[in-house]
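Here is a short briefing on one chain. Read it with the sequence and the 3D view side by side.

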Amino acid sequence: MPRSQPTSRSSKPRSRAPAHQNSFAFKHNPNSKKTAKILASPIRGVCDKCKEKLEWRKKYRKYKPLTQPKKCIDCKNRAITSAYHV
């Protein structure tokens, strides 16, 4: 007997309005030293699509800077100091 595949719940349209609608845009703490450091860090060496993603992350406070350098794929040394720049 062949087994039938389960149906996806996401295929049905939502029948109600969202529970919480955003009434204003996100606003980060302007006096934060960490935020100032993140916004001042340059975005370089990435494609346009990745650059847009990094700008969004900085704007909405989703950018998390590295606490320790990452390992480079080519030279195998811990030389990458900027997050999301591999």
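## Pocket first

The largest pocket has a volume of about 220 Å³. The model is a predicted one, and the pocket volume is a computed value for that model.

**Pocket lining**
- One stretch of the lining includes Lys-37, Ile-38, Ser-41, Pro-42 and Arg-44.
- Tyr-63, Pro-65, Leu-66 and Thr-67 also line the largest pocket.
- Thr-81, Ser-82 and Ala-83 complete the list of lining residues.
- By class, six lining residues are nonpolar, four are polar and two are charged.
- The charged class covers Asp, Glu, Lys and Arg, so Lys-37 and Arg-44 are the two charged residues of this lining.

**Fold**
- The chain holds two helices and two strands.
- Their order along the sequence is α-α-β-β.

**Helix α2 and what follows**
- Helix α2 covers residues 48-59, twelve residues in total.
- From first C-alpha to last, α2 reaches 16 Å.
- That span is close to the 16 Å expected at 1.5 Å a residue.
- Just after α2, Arg-61 has a positive phi of about 60 degrees.

**Burial, surface and contacts**
- The chain has 86 residues, and 12% of them are buried.
- Buried here means under 20% relative accessible area.
- The accessible surface of the chain is about 8,500 Å².
- Carbon and sulfur atoms account for 52% of that surface.
- Take the contacts between residues at least 6 apart in sequence: 32% of these join residues at least 24 apart.

How values were computed. Residues are numbered from 1 along each chain as its sequence is written. This is a predicted model: local features need pLDDT of at least 70, side-chain atom pairs count only at pLDDT 80 or more; totals for chains, interfaces and linings use all residues. Side-chain values use heavy atoms; hydrogens and water are left out. Helices (H or I, at least four residues) and strands (E, at least two) are DSSP runs, numbered from the N terminus. Buried means under 20% relative accessible area, exposed over 50%, partly exposed in between (1.4 Å probe, protein chains only). Contact means heavy atoms within 4.5 Å. Accessible areas come from the Shrake-Rupley method with a 1.4 Å probe; for residues, only the protein chains shown count as cover. On a 1 Å grid over the protein atoms alone, a cavity is a set of points where a 1.4 Å probe fits but cannot get out, and a pocket is an open set with protein on both sides within 12 Å along at least five of seven lines; lining residues have an atom within 4 Å of a point. Grid points are joined across faces, edges and corners, and a volume is the space filled by probe spheres set on the points. The expected span of a helix is 1.5 Å times one less than its number of residues.
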